[in-house]
Amino acid sequence: MTVKFTLNGKPTSVDVDPATPILWTLRDSLGMTGTKFGCGMALCGACTVHLNGQAIRSCITPVSAAEGQKITTIEAQAADKVGKAVEDAWVRNDVAQCGYCQSGQIMSATALLKNNRAPSDSDIDAAMAGNICRCGTYVRIRAAIHDAAKTLA
Ligand code: FES
Ligand code: FES
C-alpha cells in the first residue's frame, strides 16, 4: 500500500505494509538512518521522531498513522530554529558519549523546547524520562537543554 506523508518538509510516498513501524519505513525504505533502533518496545527512546510536532516512539507507531501527517527526524533539526539551538548546545556541552541514544534525546529535547522555552529541572526530567542513555549523559543533557533555552530566550 502507498502511504503518503510529509517528511522533513517534503511530500513523500512509500510503498509498504501499513503496519510497518515508522522506524523501519524511515531506515529501510527511505534510507534515513539517523533514527536509531534500541529496544523496539517504546522503552528506550532511541527511535524518537516528531509526528505533527509531538515526540513519538517510531518503533511502535505504524506508518499508517502518518498518512497525511508530518514526520520530522533528526536529519531536519539543523534547519529548524529550535532544533539547531539544541544541536549547538549539545556540541557546546559535549553531551554525546557513544552517541547511540543522542538522536532520540535531541528529538525529545527539541519537542520540549518548542512547547516550553524555559523548562525547569523537573520539566526536563519529565520530558526526557523516556529516553535512556546507557552512557549516563543525563547531567550534560540537562545542562544542554538549559543552555539551548537561554539561546532561544
Ligand atoms: S527503539 Fe523505540 S523506544 Fe526503544
Ligand atoms: S551516549 Fe551512549 S547511550 Fe547515550
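This is a predicted model: local features need pLDDT of at least 70, side-chain atom pairs count only at pLDDT 80 or more; totals for chains, interfaces and linings use all residues.
Strand β1, comprising residues 2-7, pairs with strand β2, residues 10-15, in the antiparallel sense over 6 bridges. Within this pairing, phenylalanine 5 stands opposite threonine 12 of β2. The hairpin made by β1 and β2 has 2 residues between its strands, and asparagine 8 there takes a positive phi near 50°. Strand β1 is also joined to strand β5, residues 70-72, by 2 bridges, and these two strands run parallel; here leucine 7 stands opposite isoleucine 71 of β5.

Helix α1 spans residues 22-29 and includes threonine 25. In this helix, Ile22, Leu23, Thr25 and Leu26 are buried, and what covers the buried residues of α1 includes β1, β2, β3 (48-51), β4 (54-57) and β5. For threonine 25 the relative accessible area is 2%, and the residue is therefore classed as buried, the limit for that class being under 20%. When its neighbours within four places in sequence are left aside, threonine 25 is in contact with Val14, Val16, Thr20, Leu30 and Val63. Just after α1, glycine 31 takes a positive phi of about 65°.

Two helix contacts involve α5, which spans residues 138-152. In one of them, α5 packs with α2 (residues 81-92) at an angle of about 130°, and the axes of the two helices are 8 Å apart; α2 and α5 are therefore oblique to each other, and their crossing is right-handed. The contact is made on the α2 side by Lys81, Val82, Ala85, Val86, Ala89, Trp90 and Arg92, and on the α5 side by Ile141, Ala144, Ile145, Asp147, Ala148, Thr151 and Leu152. When these residues are divided by class, the contact of α2 with α5 has 10 nonpolar, 1 polar and 3 charged residues.

The other contact is with helix α4, residues 121-128, whose axis comes within 11 Å of that of α5 and crosses it at roughly 115°. The passage of α4 by α5 is likewise a right-handed crossing. In this case Asp121, Ile124, Asp125 and Met128 of α4 meet Ile141, Arg142, Ile145 and His146 of α5, and the residues of the contact divide into 4 nonpolar, 1 polar and 3 charged. Ile141 and Ile145 of α5 take part in the contact with α2 and also in that with α4.

Finally, the backbone angles of two loop residues may be noted. Most residues other than glycine have a negative phi. Asparagine 52, however, has a positive phi near 50°, and this residue lies in the loop between β3 and β4. With a relative accessible area of 43%, asparagine 52 is partly exposed. Aspartate 94 also has a positive phi near 50°, and its place is in the loop between α2 and α3. Because its relative accessibility is 55%, aspartate 94 counts as exposed, the limit for that class being over 50%.

Terms used:
Residues are numbered from 1 along each chain as its sequence is written. Chains are lettered from A and ligands numbered from 1 in the order in which they are written. Side-chain values use heavy atoms; hydrogens and water are left out. Axes are lines fitted to C-alpha atoms, for helices over the stretch in contact, and angles run from 0 to 180 degrees between N-to-C directions. Helices (H or I, at least four residues) and strands (E, at least two) are DSSP runs, numbered from the N terminus. Angles under 35 degrees count as roughly parallel, over 145 as roughly antiparallel, 65 to 115 as roughly perpendicular and the rest as oblique. A crossing is left-handed if the near helix is turned anticlockwise from the far one by less than a right angle, and right-handed if clockwise. Contact means heavy atoms within 4.5 Å. Ala, Val, Leu, Ile, Met, Phe, Trp, Tyr, Cys and Pro count as nonpolar, Asp, Glu, Lys and Arg as charged, and the others, Gly among them, as polar. Two strands pair if DSSP finds at least two bridges between them. Buried means under 20% relative accessible area, exposed over 50%, partly exposed in between (1.4 Å probe, protein chains only).
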